[in-house]
Amino acid sequence: MKILIERDYDAMSKRAATLVAEQIRLQPDLVLGLATGSTPLGMYRNLIELVRRGDLSFAAVTTFNLDEYLGLAPDHPQSYRTFMEEKLFRHIDIIPVNTRIPQGLPDDIARHCDDYERQIAKHDGIDIQVLGIGRNGHIGFNEPGEEFGKLTHCVTLSDSTRQANARFFSPPEEVPTHAITMGLKSIMNARRVLLLASGADKSEAVRRAVCGDVTEDHPASVLQLHPNCVFVLDDAAAAKLPDEFRQNKEMAK
């Protein structure tokens, strides 16, 4: 595990975008796993700017998103398909059919989850998987207690996750109760994992992920076992890491 610490959210976002852009330049047909939420927005803005300047192209890139709310149509204002279109896809030169997100209204949930995994396998797996982290340690929608060995599947969202997302829904009670998410095994199958975290409210989750026991009670802790995992943090998110991590600003565990 490699830990990269930047002074603030903007610097963290730029560092993350640089890592992704460098790999796309080396491998133009990169298979990129993407995340939603507020944390990766700065990275997406930096990537958009690189494309606008002609310094980067997504023309041959394929993307797979981590998750989607169950019960929302693709054009629902709060669907993750809408989020990705508004925050990234429509601003870059990616080919629309190469952007894949779990369906919110599948005819057969189990079959759709299996099909999603088959699509990933058809593309020879994910080269870089971008992640955020929840305050309870969830990655994707894999809540505490989820088995490490699961692939893409349907989950029941915890009360804390639904409360955290309630600000996006009106009324808040409309937050979906279920979602489809890549499982922890799906995430671990990626050749490289890039986890982004910002802010003091994520510091304990980051500490447990990096330094705590590897346990299903803190899903992100499984990343300690990944052979090529990079945490890109701002100072606030790194605040509870041991001194050797915070003093060196860049360290492999």
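Author: A residue counts as buried under 20% relative accessible area, as exposed over 50%, and as partly exposed in between (1.4 Å probe, protein chains only). This is a predicted model, in which local features need pLDDT of at least 70 and side-chain atom pairs count only at pLDDT 80 or more, while totals for chains, interfaces and linings use all residues. Residues are numbered from 1 along each chain as its sequence is written, and side-chain values use heavy atoms, with hydrogens and water left out.

Reader: Is Tyr 69 buried or exposed?

Author: Tyr 69 has a relative accessible area of 2% and is therefore buried. Phe 141, at 4% relative accessibility, also counts as buried.

Reader: How should I read an aromatic pair, and how many aromatic pairs does a search of the whole structure find?

Author: A pair of aromatic rings is described by the distance of the centres and the angle of the planes. Rings of Phe, Tyr and Trp (its six-membered ring) pair if their centres lie within 6.5 Å, and planes under 30 degrees apart are called stacked, over 60 edge-to-face, and the rest tilted. Searching the whole structure gives five such pairs. In one of them, the ring centres of Tyr 69 and Phe 141 are 5.7 Å apart and the planes stand at 40°, so this pair is tilted. Tyr 69 belongs to strand β4 (residues 67-69) and Phe 141 to the loop between β6 and β7, so that the pair links distant parts of the chain, 72 residues apart; strands (E, at least two residues) and helices (H or I, at least four) are DSSP runs numbered from the N terminus.

Reader: What is the geometry of the aromatic pair that Tyr 69 and Phe 169 form?

Author: That pair is edge-to-face, with 5.6 Å from centre to centre and 85° between the planes. Phe 169 sits in the loop between α5 (159-165) and β8 (178-181), 100 residues from Tyr 69, and both residues are buried.

Reader: How are two helices read, and at what angle do the axes of α2 and α3 cross?

Author: Two packed helices are described by the angle between their axes and the distance between the axes. Here the axes of α2 (residues 41-52) and α3 (residues 80-87) come within 10 Å and cross at roughly 40°; axes are lines fitted to C-alpha atoms, for helices over the stretch in contact, and angles run from 0 to 180 degrees between N-to-C directions. The two helices are therefore oblique to each other, since angles under 35 degrees count as roughly parallel, over 145 as roughly antiparallel, 65 to 115 as roughly perpendicular and the rest as oblique. Leu 41, Tyr 44 and Ile 48 of α2 meet Phe 83, Met 84 and Lys 87 of α3, where contact means heavy atoms within 4.5 Å.

Reader: Which residue does the side chain of Glu 6 meet in a polar contact?

Author: A polar contact is a pair of N or O atoms within 3.5 Å; within protein, one must be able to donate a hydrogen and the other to accept it, and residues adjacent in sequence count only if both atoms are side-chain atoms. The side chain of Glu 6 makes such a contact with that of Arg 15, at 2.4 Å. Glu 6 lies in strand β1 (residues 2-6) and is buried, with a relative accessible area of 17%.

Reader: Where is His 138 placed?

Author: His 138 is in the loop between β6 (128-131) and β7 (153-156). Its side chain makes a polar contact of 2.8 Å with the side chain of Asn 136, and His 138 is buried at a relative accessible area of 15%.
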